[in-house]
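Reader: Could you walk me through how to read charge pairs in a protein model?

Author: Gladly, let's look at one together.

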Amino acid sequence: MNFSSDPVLRKIALEAAQQVTTDIGRIHQDELLDALCERLAPRKELLGLVIKKAGQALMRDLGERHSPRRHRTTNGMYHPESIMKLGNGIWVWMKNSTFTDMTEWGRISARNFVRTATAEAHKQEYVSSRSDAYRQNPHCKQLAPLEETVFGYRQDSFDDLGLDSGTA
């Protein structure tokens, strides 16, 4: 879900990330979280949105922790407290699922597997090509010059990253 204040929160997150970035480009998550909390605490007007975001995070965590998985003892996936995600914002406790729910869950799972496998294949192809380029261009010590000189990268905008160019 996107809310009208999402750009404000994204800007705060980006600024916090830039603040805690080390001189070699590393971001430590504990430091980022602290910087985010420091920036959010005085912004009382964002409290409702921040609470909603926290609720969404808790909901995702619940869904991930209760997602059906293979159990070693039974060698099956069933657990009554597992939650099956059926799409369109609908979840069902595994103990209450029907034939239709099972069919839908299987279809969604297969589709997600294909998407994940495809995305991972693209990522591994990218890593392999950049690793080869690093070996062939030992003068490039970081990715930016490698992308620019070997692969012809040119920055247009942040549109594809969901960033506002005014906040980058």
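Author: Let's start with a single side chain: Lys95 is partly exposed, with a relative accessible area of 46%. Here buried means under 20% relative accessible area, exposed over 50%, and partly exposed in between (1.4 Å probe, protein chains only). This is a predicted model, in which local features need pLDDT of at least 70 and side-chain atom pairs count only at pLDDT 80 or more, while totals for chains, interfaces and linings use all residues. Residues are numbered from 1 along each chain as its sequence is written, and side-chain values use heavy atoms, with hydrogens and water left out.

Reader: Which residue forms a salt bridge with Lys95?

Author: Side chains of opposite charge can pair when their charged atoms come close. The rule asks for a side-chain nitrogen of Lys or Arg within 4 Å of a carboxyl oxygen of Asp or Glu. For Lys95 the partner is Glu81, with the closest N and O atoms 3.5 Å apart. This pair links distant parts of the chain, 14 residues apart: Lys95 is in the loop between strand 2 (90-93) and helix 4 (99-136), and Glu81 is in the loop between helix 3 and strand 1 (83-87). Helices (H or I, at least four residues) and strands (E, at least two) are DSSP runs, numbered from the N terminus. Glu81 is partly exposed too, at 34% relative accessible area.

Reader: How many salt bridges does the rule give?

Author: The count comes to eleven. One of them joins Asp6 and Lys53, at 3.0 Å from N to O. Asp6 lies in helix 1 (residues 6-20) and Lys53 in helix 3 (residues 47-65), so the pair ties together parts that are 47 residues apart in sequence.

Reader: Is Asp6 buried or exposed?

Author: Asp6 is buried, with a relative accessible area of 3%, whereas Lys53 counts as partly exposed at 26%. Asp6 and Lys53 are also linked with Arg10 in a network of salt bridges.

Reader: And where does the pair Arg107 and Glu104 sit?

Author: Both are in helix 4, three residues apart, which means about one helical turn separates them. Arg107 is partly exposed at 44% relative accessibility, and Glu104 is partly exposed at 25%.

Reader: What about cysteines: how many disulfides does the structure hold?

Author: A disulfide is a pair of cysteine sulfur atoms within 2.5 Å, and the structure holds zero. Cys140 counts as buried at 6% relative accessibility, while Cys37 is partly exposed at 43%.
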